[in-house]
Amino acid sequence: MAPLEPITLDGGVLEGGGQLLRVAVALSAILSKPIAINNIRKNRTQPGLRHQHAEGLRLAAETCSARLVGCEIGSSSIEFYPTVRPQTSKSYVADPRTAGSIALLLQVSLPCLLFPSASSDTPSELVLRGGTNATHAPQIDYIQHVFLPFIHRHLGLQPILDIVKRGYYPKGGGEVHISIPPIRGALPAVTLTERGSVKAVRGRSYVAGLPKSLAESMRTAAAKALVESGLDGGVIHIDAVREKPSDAFGSGSGIVLWAECEDGCVLAGSALGRKGVDASGVGRDAATELIANLAHGGCVDEYMQDQMIIFLALARGRSTVKTGPLILHTKTAIWVAEQLTDAKFRVEASGDIAVIECDGIGYSPSELPLP
């Protein structure tokens, strides 16, 4: 690969957190474009790299044998120089040795391993350790029941996720295995503008190392709030679970709800147990988030809104997705995608509704010269 000057990005732009870093590094790895990022996580109370971000960087670097500069805890600048396309059909392990979010480790690594580096159709295997249900990140149940079905239904991707052990703040200790079959050709464009009515609301209210009654209280409060919002109680099915000690490390609690709609859309709401908030309050918080996502009339919730951007940018053709109000994470992901690709985004907003259009680049490694 001929040496290239890195594309320099300001990590303090817009959301100014770890999401900018993850999207940029994933695109850098996929497209073999070196990048330099300054002011990393500038808008956070503890700026710079934390353990989870550094481990995600190392994982992405391993996939493409990147030269990585500045990957230390607290660092506010990094340089990332891929030397080969991401190597698929291999096994990778990432462990920040904290309760850092496994979902966010997956966010940076999954896109890197979609496109085959050789003729093999053998899946790539990821072993990710840390927190399965962490703050400021999608819970692993969201990944399992919302994100993965979305990319399967609309993009034809078929990763398989196995939750080996759950891990909670502050100890972490969770472990998730993901098998990622490679795809041939470019990702398809996504058209998602009609949601349909809610046909079912499902959920998982869980505790580990705590009484099951707390999970039952979260479930009862969430169901009550959903019914009060106008949903039919007959379509609500929430499991209350106390994790077996062998299935979880440490103690924690929370609830994840997801609404399945007639046209295939799935939207969610979630909350984690925390000090000073009783179990009923946690259940109501999750229900309130789901109710808000259903009220705006969009086809995706706020987590999916920003996570889909990298896929739309890489897809072939024009994608059109109706969402709720555009969140800062989504604006940031769009900004990064437009800095590193030729994808063109347009957003039309009216009240609580936005429509995101993207003319993707139709990325396919088989159509590019080898580096």
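These legends describe close-up views of a predicted model.

**View 1. The largest nonpolar core.** This core holds 110 residues. F80 and F311 have the most contacts inside it. Helix α1, residues 18-31, gives the most to this core: 10 residues. In soluble globular proteins, nonpolar side chains tend to be buried together.

**View 2. The surroundings of F311.** Neighbours within four places in sequence are left aside here. F311 is, with F80, one of the residues with the most contacts inside the largest nonpolar core.

**View 3. The largest pocket.** About 930 Å³ of space lies in this pocket. Its lining has 33 residues. Q52, L104, T135, H136 and A137 lie nearest the centre. Elements giving two or more residues to the lining are α1, α2 (51-63), α3 (102-109) and α7 (302-307). The largest share, four residues, comes from α7. By class, the lining has 16 polar, 10 nonpolar and seven charged residues.

**View 4. The second largest pocket.** The volume of this pocket is about 430 Å³. It is lined by 19 residues, and G252, S253, G273, R274 and K275 are the closest to its centre. Two or more lining residues come from each of α5 (212-228), β13 (252-261) and α6 (279-295). By class, the lining has 10 nonpolar, six polar and three charged residues.

Notes. Residues numbered from 1 in each chain as written. Predicted model: local features only at pLDDT ≥ 70, side-chain atom pairs only at ≥ 80, totals over all residues. Heavy atoms only, no water. Core = buried A, V, L, I, M, F, W, Y, C linked by side-chain atoms within 4.5 Å. Buried < 20%, exposed > 50% of the residue type's maximum accessible area, 1.4 Å probe, protein only. Contact = heavy atoms within 4.5 Å. 1 Å grid on protein atoms, 1.4 Å probe; cavity = no way out; pocket = protein on both sides within 12 Å on 5 of 7 lines; lining within 4 Å. Points joined across faces, edges and corners; volume = space filled by probe spheres on them. Nonpolar A, V, L, I, M, F, W, Y, C, P; charged D, E, K, R; others polar.
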